[in-house]
Amino acid sequence: MTTSWLLLMLIAVLYTAGVYLLLDRSLTRVLLGILVLGNATNLLVISAGGPTGAAALVGRAPEAAMSDALVQALVLTAIVITLGVAAFLLAIIHRSWTLDREDDLTEDTEDRSVRRRLARGEQVDEDELDTTGCEEVSDTDDDRAGSEAGAEAQA
Amino acid sequence: MLVVLGVHALAALLAPALVRTLGRRAFALLALVPAAACAWIATRLPTVVAGGTVTEGFSWIPALGVEVAVRLDALSATLSLLVTGVGALVVAYCARYFTPSSRGLGRFAAVLVGFAGAMLALVWADDVVVLYVCWELTTIFSFLLVGQDAHKRASRAAAMQALVVTAAGGLTMLVGLVVLAEAAGTYRLSGIAAAGPHLSGAAVTAGVVCVLVGALSKSALVPFHFWLPSAMAAPTPVSAFLHAAAMVKAGVYLVLRLAPGFADVAAWRPLIAVLAALTMLLGGVVAARQHDLKLLLAHGTVSQLGFMVLLAGAGTRDAGLAALALVVAHALFKSALFLTVGVIDRCAGTRDLRELSGLGRRAPVLAAAGTLAAASMAGIPPLLGFVTKEGAFEAFLHDSYGPAAPVLLAVVVLGSVLTVAYSTRFVVGAFTDAFTTDPHRTWIRPGPLFVAVPAVLGLAGLVAGPAIGLITPLLTGYADTLAATYPTPLVLKLWPGVTVALGLSALAIVLGVLVALPRIAARTAALRPLAAIRSEVTWRALVHAVEAGSMRVTAQTQRGSLAVVVCTVLGVLLAGPGVALVATGALGEIRLDRVADSPAQVVAGVLAVVSTVAAALARRRLAAVLLVGGLGYAVAVVFALAGAPDVALTQALVETMTLVAVVLVLRRLPRDITEHHSPRRRLARLAIAAPVGVLLALLGAAALGVRSLPAVSTAFPSQAYAFGAGQNVVNVTLVDIRAWDTIGELSVLLAAATGVASLVFLDRRTGTPPGGSRRRRGPAIPDPATPDPAVPSAWLRGPTLERLARRARPGPAATERTLLLEVVTRLVFPTIMVVSVYFLFAGHNAPGGGFAGGLLAGLALVARYVAGGRYELGEAAPVEAGTLLGAGLLCAGLSGLAGLVLGGEVLQTAVLELDVPVLGHVKLVTSLFFDVGVYLIVVGLVLDILRSLGAELDRLGDTPATPDPTPVTTGSEVRP
C-alpha cells in the first residue's frame, strides 16, 4: 500500500518536535512533548490504515471505499486517553509547583539514595532474615518466649 | 468429593464471621467440616479397599486437556483420612489453645480451614495442574499460618523462608510435571504414573528430577531442611498439622504416588537414598541436642521425613507398605506430641525441658498421652511405631534398594538409635521430676478438651499397633501397585517372632537410651560434621547476593535523570528497529505515490508543521500551549479529510478540553518557561530527536509498504450492521467488536481521573461541589449546589452572591467575570447538553457516540465554569465526579453482562425490539448502555479535571497560605 509525502513529513516533524520537547527539563515542555507525541502517534496509526476513504458509515458509501474503521477506533480511544494522561501530568506539575515552586524535572532522590547506600556498602537488613529464636534456642530467648506464653495463658 | 472441597472453601470464608460471633468456640464448629470429610472418606473405604476408585471431575481448560479431576484410591484415601482426621482434632484443639483475646483469630481460623481444604484437594487431585495449584495453595496458606504473629520479626522471617523455599521447589516441580505429562500424553496423575515404566529418555529423567526437587523441598529434606524448624514460629496447633498430616507430607505423598511409575528411572533411587539418609541422620543428631521441646520435635520431624522418603522412594512393595504405615504412625504420634507441647507451653509458660519438672505428677493424663506418643516414635512395642519400624527393617532386609540395602539399613538403625534418644530426652525432660529447676513455677490446670485431643491421638497409636491387621488392607491396596522384590511379601504384624528385625529394634532402643544419658548426650554434641550441613547459611548468602545484585543493577540503570532513561529507550529504538529497517531493505518497500490526498490536507499539514515547530521553540508558556492546541486542531482537520469524522470530532473536542485544562494549571506558573539548556545542549537534543522522528515515519511507511494480507477490519462494516445493529462502524467497533479494549480504556480514564483528584485534593477523593469542604470547617457559607429549601431558588443566584461575597471580603480581588457571558452560557448550556445526548444516542448510526457526547457535555461544563467560576460549576453539576465515574463503569460492565444474560457472550450486542404504547416500535440495542457508560465516565473525567485543576486551584489561589480567617457569611440573604 502507498502513503503520501505530506503524511510522512508531518509524522517525522511531529515526532522530532515531540521528542525534542520531551527531553527538556521543564515539566511544561515535557507535557507539551507528550501532547505532540500523542498527535504524531495518532497520525501514524491512521496512516497505517491505508489510503484515505469515505467515512465508515454503512449505507452512505460502498464498503470497499470506506476508510479503515479499526485504526479509527484505536485512535479515538487514544485521543481520550491522552486527555487523561495530560490531566494527570498537569496535576503533577501543580504538585511540583505548590511544593517547590519549581517546574523542573529534578534528579530522582530515591535513585540517588540507592547509589549512596551502595557506596556505603549498606545491605539488606540483616535482622529481617534472621530466624534464630525459632531455629536454635538461646537461653534468654527461650525464657522470654516462655514467660510471654505463660502470661498469655494465665490471662 | 468436589462438594466436600467446596464445603471447606465455604467454611474458610465464613470462619471470620463465626469467630466474631462465637469467639474461639467457633473452632469447635469449624472442626466439624474436616470431621465430616473424614466420615465421608470412611464410607468410601470398602470400595477403595476392594481395589476400586472414586472419581469426579469436569473439564477446566479443554484446549490443554486440563481437568478438575479428583480421585480416591488406597493411597489418597489413607492420606486424606489423616489430613481430615488430624485436621479436625487440631482445629478443635485451637478452641482451647488460643486465649479469647488472641489477635487475628478470625483470619487465622479462615486460613487454617483453607489450609486443611487445600491439603485435602492436593491428595485427591488427579490432574497435575490441579495438583500444582493445590500445592502452591498449601504453600501460601502455610506462609500465612507461620507468619501468624506478624509483629514478631522471627515469625516474618520464618514465613518468608518457608514461602521462598517451598514455592521455588513448587515451580521446579511444575516444570517437571509438565515434562512428564507431555511425555506420557496425559495430564492425569494416575495416567502419568501408569505410563511411567514405558517412558525413557533424558527429558523424562530431567522431569523426574524436577518433580523430586519440588517434593523434597516440600518435605524439608537436605538441603532444604532448614525451613521446617524455622517454621515452628507458627502457633503450636499449626506446627502439629504442618508436621503431622499436611504440608511436609505432600512431598512424601508425591514420592509415593510416582514411585510405581518412575522408581526405575536412573536418577531416582540414588538421589532419594543419599538425601533422605543424610536428612534422617542430620535431623536426629540436631534433635537430640535441643532443649526446646518444640524444636526437638521439629528436628525430629526432619529426621522422620528422611526415613519416610527413603522408604517411599525405594519403589518396592515392601518398602512402600512400610512407608505408608510409617506415614500413618508418624501422623498420629507427631500430632499428639506437638499438641502435648502446646498444652505444656500454655500451662507451664515454658517449653524448655531444663525448666520443666514434675508434670508427670501434676498432669498425669497429659504425661500419659505424651509418653505413649513418644514411645510410638521410639518404636516401643506394642505401639504402631514399633510395628512400622519392624516393617521398615524388614523392607531393607528384603533387598529394597538392591545392593545398597545393607548400608541404608545401617543408616536407618542409626537413625532409630537417635530417634530413641530424643524420644527419651523428650519424656524425661518434660514429665519427670528434676531437681535443678524452680519449684515455684506455676502450672495452670488445662481444661478437659485441651488435654483430650493429644490423648486421643496418643491412644490411637496404642490401639493401632495391635489392630494393625485392620489397617493393612488399605495400606497393601497401595503397596501392591509396586513391584515385589522378595519371595515372601512383608506382612505387618504386632509380633513377628524372633527375627533379625526384632533384634535391630532392641538394639536401637538400648543404644538410644544409652545415648540419651546426660553424659553421653553431651558427647553427641561433638558430632559436628553432620550439623555443619547448614543450608541456612547458604540461604542467607543467597538472599544477600540477590539483594546486593539488584541494588547494583538499580544504581547502574536508574541514574536519577528522566532524560537519560528516555535517551536509553530511544537509543535502543534506533539501534534495534532502526538498524533492522535499513539492513533488511524494507526501506525500498516504501511507496510514495502522491504529495497529498487533497489541497485542504496540504493546508492543514502546513499549519500543523508550523505550529509544532513554533511550539517547540516558544519561550512564552501560554504561547507554547496555544500553539500545541493549534496543532491539535490541524490534526483534527487531517482526520476529517481522511474519512474519519468520529476521530476528527473527538480530536477537536479533546483539544479544546486539553487547552482549557492546561491553561487552568499553567496560569499559576510564571509567564516564561525557564530555559535550562544551553544552545549546544538543545542541538544535542535535536540530534537525538530528529533521527527518531525520521525513523518512526519511515517505519510506518515501510510497514504499510510490506503489508501483504488484507486488513482484519475488512469485514467490520458488514459485521457492524449484521451483529452490532449499527451503521457507524467506528462506534460499533468501540462498543461491540473491540469492546474489551474500550473497557480497558475506561479503566485507564477512571484511574487517571482519580489520580488527578488525589494529587490535587491530597486528603480526600474530591467530588463535593465547591464550597462543601469549606462549609464543614467554618460557619455557614452559602453553597449554591444545595440551595436552602426555605428560599425559592433564583436564576442567576450564584454569581451575584459570589460577587457580593467577594466584595465584602478583604483579600484577593474578585475574579474577572462578566454577567453577559454568564447569562449566555446559562442559556446555551441546556442546548449543548441536549446535543451531547443526541450525539450519544445517534452515535450508533452517525458520527458521535459516547466519547464525543461526553466530551461535549464536558465542554458545556467548562463553559459554565469559565464564565462563572467554581460556584457556577457546582450549580451546573451538583454531583460528585466519583459517582459519575463509578456509575459509568458499572453501566458499561452491566451492559456487557447483559449480552451474557440474553444468551450471547460477554459484551455481545443484543437487539431488543419492543412495541411501546406512545413511542411505537422501538429497537433497543444493548450496546447503547455501554455507550452511556462511556459517556458518564468521560463527563466524570472532565468534572474531575475542572474540580481539581480548576475549582480547587482557585480556592488554593484565593487563600494562599493561611486558612481564611473570615469565612464569608455576608450575601447569603442577598437575592438579585
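## Exercises with solutions

Just after helix 9 of chain B, B:A220 takes a positive phi of about 60 degrees. This is a predicted model, in which local features need pLDDT of at least 70, side-chain atom pairs count only at pLDDT 80 or more, and totals for chains, interfaces and linings use all residues. Residues are numbered from 1 along each chain as its sequence is written, with chains lettered from A and ligands numbered from 1 in the order in which they are written.

**Exercise 1.** Find out whether helix 9 of chain B is mostly covered or mostly open.

*Step 1.* Locate helix 9 at residues 202-218 of chain B. Helices (H or I, at least four residues) and strands (E, at least two) are DSSP runs, numbered from the N terminus.

*Step 2.* Count its buried residues (20 or more other C-beta atoms within 10 Å of their own, C-beta atoms being placed from the backbone). Twelve of the 17 qualify, so helix 9 of chain B is mostly covered. Among them are B:V204, B:G207 and B:L212.

*Step 3.* Look for the partners: these buried residues pack against helix 7 (153-184), helix 12 (248-262) and helix 13 (268-287) of chain B.

**Exercise 2.** Work out how helix 3 of chain A and helix 29 of chain B are oriented to each other.

*Step 1.* The axes of helix 3 (residues 69-100) of chain A and helix 29 (residues 645-666) of chain B come within 10 Å and cross at roughly 0 degrees.

*Step 2.* Angles under 35 degrees count as roughly parallel, and these two helices are therefore roughly parallel to each other.

**Exercise 3.** List the elements of chain A in order.

*Solution.* Chain A has five helices and one strand; from the N terminus on, they run β-α-α-α-α-α.

Methods: The expected span of a helix is 1.5 Å times one less than its number of residues. Two residues are in contact if their C-beta atoms, placed from the backbone, lie within 7 Å. Axes are lines fitted to C-alpha atoms, for helices over the stretch in contact, and angles run from 0 to 180 degrees between N-to-C directions. Angles under 35 degrees count as roughly parallel, over 145 as roughly antiparallel, 65 to 115 as roughly perpendicular and the rest as oblique.
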